[in-house]
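Please examine the structure shown below. The report that follows treats a pair of helices and then a sheet.

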Amino acid sequence: MNLLLVLQNILAIGVPFSVALLLAALGEMFNQRAGVFNLGCEGIMAMGAFLGFLPSFLLKGGALAPWAPAIGIACAALAGVLLGLLFGLVTVSFRAPQGIAGIGLQMLGWGTAGTLSRHFVGGVTGIPGIDAWPIPGLSKIPFLGPILFSMTPFGYFGFLMVPISWYVLFKTPWGLKVRAVGTHPRAADTMGTNVARTRYQALMLGGAMAGLAGAYLSLAQAKMFADDIVAGRGFIAVALVYFGRWHPLYILGGSLLFSIAQSFQLAIQVLGIDFPYEFAVMLPYVLVILVLAFAKNSRLRGPAELGKPYNREKRV
Amino acid sequence: MAKNADRITELRVEGITKRFPGTLACDAISLRVGEGEALALVGENGAGKTTLMNILMGLYQPDEGKIFINGSPVRFRTPNDAYAAGIGMVHQHFMLVPNMTVAENVALGSAELRGRFRLNLGAARARIRQISERYGLAVLPDAYVWQLSVGEQQRVELVKTLCFGAKFLILDEPTSALTPQETDELIALLSRMTADMPLIFISHKLAEVKALSNKVTILRAGRVAFSGDTADHSSADLAALMTGHEVKLPCNECADGCGETLLAVRDLKVRSDRGHYALDGASLEVRAGEILGLAGVSGNGQRELADALAGLRSAESGSIALAGTELSGLAPRQIIGAGMGYIPEDRQTEGIVPSFSVSENLTLKDFASPRFAAGPFLRLKAADANAAELKKRYDIRCPSTATPAGSLSGGNIQKVILARELARGPKALVAVYPTRGLDMGAEEFIHKRLLELRCEGVAVLLISEELDELMNLSDRIAVIYKGRILATIPAQEATRARLGALMAGLREEEGATA
Ligand SMILES: Nc1ncnc2c1ncn2[C@@H]1O[C@H](COP(=O)(O)OP(=O)(O)O)[C@@H](O)[C@H]1O
Ligand SMILES: [Mg+2]
């Protein structure tokens, strides 16, 4: 057996696995940089997955069928924005504790998606979904081609979002505001930044990205919807933001590490290597826990006011 | 409209009232600042100075009252409105985002300086250079704020405010965290600036008030107690007007009553957070009934020494003995049990639990003792009775002992800590910058208590940067420099010049008279 080929396969499966995590985690990074910790990411992804899937299911065979994935993507992103807005209302305007509100949002999204799916869809049904768009020429590069240049449009978008997020966060006035309201909201407020508005904006952006991450799962990865389709990826994304020290590049690294570990784990099972597969399944999660435990002394510290509501008239 | 005026020639507030739950912070305050004037606003902690300034800055909304600029009424709903009108403020706590550079902080506050879609720091840098040259305020635009010392951050605050185009300056206790030299420089700079713009200056140091201001307004419990020309009144007059009684900072005058050594630190080596030896073989002794002052520029190991004495930081080597008991290696709980009292540097985060009530904070070190607990249950009545008694004895001003301690003013928080520590009858007390940022009334109160403690035979280690405080209270003064005790001299022989030289690390010829 060709070891290089095995490696190529592990990577060609693992790299696309990372797209959903990457999109959701980059979105969550904006939330957390702005000081809001959104555990509801998982729920937004579930809604995104369902709404991304639904048009393809309803329009199957109809004249509009070729447009269904695009409509689904738009619906998923919009639902993410609205859920982000809802989360902002609860945690920014009403200053509810973010952890509890996040768990609430997670259950709301997950439950709603499941209920609607039973109502409109019934059982598990496949859809055509979105196929890979190999880039002519580049996809023929030996070894790397099939890994990096034969992805779905989501994949290219996800990886493109890494430099874009970095640019937005560090090189635009809006990114400056986001970082300021997450670290020292009172200072930002005294310098004329609208703390609540900035946090809302970050939550809407984060919500849209979580919605897209969900749509990726149903439209491109699984090509169907089941109510446990997200399977904890939203929570992993939240963990990856810590793991990635609130920086797009490290988040990319974390997403890849986790996804490749997962694909490696699959390979072990598929190839029938004599290794207790339960341990292999644990591997990615153990990795995340280990890195989280050892990364706490890092010099790149997180947003200081993460998780704390801001109230201008409250005493410092 | 005032917004377009080139200069602010008059700022007037009329009948400003602001209520917080349970407190009337500002009670119909009126004042006026005219062209070329520097108004000093003084008053005890909690008098309402910061609240009034935050109202002027649009950060708080007044319940009643009006603000006029150049005669026309203005209303500030957000700090942006105040900036637009030309008011700039240096806040009591720095309003800088620590993990951003100076230029980024300036860009954050000014839409013109940062570009619309692409962050353009060039304009912010240029503006910073222009301001720092004009006023002689050296500031590095690309330094991260967290890398700067307190004095440098203060300078950045001022530069930042000027970059935003302030035409009227408010400075809320700008000198409380500065070293004496930095303070002198700031006061000189502000005096020059009054020619360009009127300003309001808040300070507890009457020497600064006298040096800088030409008008003074005194607030007491949210009301204007006095307004007049600075030149017409002596510091003593102002202090009396401020506190409502004559202030006399007490001196250590009673006879030498020192007994045997109670607290002995030997060859202590402690690492700082950054890993180097912040204490590098420091030794000192405090006797019963003695106040040992520890002088030094902050950052020379004081924090680590205090942490080690309280058991919050482990010593690499050396020993700490209290009345013969070895303390190094013990847990804070055991050190407290051995009779160590501790007034920490950071009263908000180390001295109290801000969200706990005054009563709970007062029993924080004894909640498990039979006095306040019956088995696993707290005896809340006993705690409340204790709090009521201490509130009276230590003149803690709070709406009730059930109020969260974090909502009290600095002076009253310090009284809560002092009450808790002293009521336990400690053998030794470590007091770290105990009067930093406090008003004269609170300072006088704390000084008196420390001297009483000395008379009761307690060993007091007083860590401070204020030379007057050290010389007034101490029996002996030790000087710490780069983690070692450079010299220990009797307080009678200490002069400002001699201490200043030692604090700068200049070793004396004849050496210490330890
Ligand atoms: N945001 C707030 N919420 C509740 N009480 C406050 C708040 N700000 C100030 N206070 C109270 O108002 C009074 C005046 O406080 P402050 O203006 O900070 O005094 P000063 O600056 O003169 O020391 C104090 O009793 C303080 O406890
Ligand atoms: Mg104040």
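## A helix pair in chain A

In this predicted model, helix α6 (residues 153-171) and helix α11 (residues 248-270) of chain A have axes that come within 9 Å and cross at roughly 155°; α6(A) and α11(A) are therefore roughly antiparallel to each other (angles over 145 degrees count as such). Axes are lines fitted to C-alpha atoms, for helices over the stretch in contact, and angles run from 0 to 180 degrees between N-to-C directions. Helices (H or I, at least four residues) and strands (E, at least two) are DSSP runs, numbered from the N terminus.

On the α6(A) side, the contact (heavy atoms within 4.5 Å) is made by A:Phe159, A:Val162, A:Ser165, A:Trp166 and A:Phe170, and on the α11(A) side by A:Pro248, A:Leu249, A:Leu252 and A:Leu256.

## A sheet in chain B

Chain B holds an open sheet of 6 strands in the order β6-β7-β8-β3-β9-β10, with mixed pairing (two strands pair if DSSP finds at least two bridges between them). Its edge strands, β6 (87-90) and β10 (223-229), each pair on one side only. From one strand to the next, the twist averages 20°.

Strands β3 (residues 38-43) and β9 (residues 215-220) of chain B run parallel and are joined by 5 bridges. B:Val42 stands opposite B:Ile218 in β9(B). Helix α9 (residues 235-243) of chain B packs on the sheet and touches β3, β9 and β10 of chain B, its direction making about 30° with that of β9(B).

## Conventions

Residues are numbered from 1 along each chain as its sequence is written, and chains are lettered from A in the order in which they are written. Local features need pLDDT of at least 70, side-chain atom pairs count only at pLDDT 80 or more, and totals for chains, interfaces and linings use all residues, while side-chain values use heavy atoms, with hydrogens and water left out.

Methods
Parallel < 35°, antiparallel > 145°, perpendicular 65-115°, else oblique.
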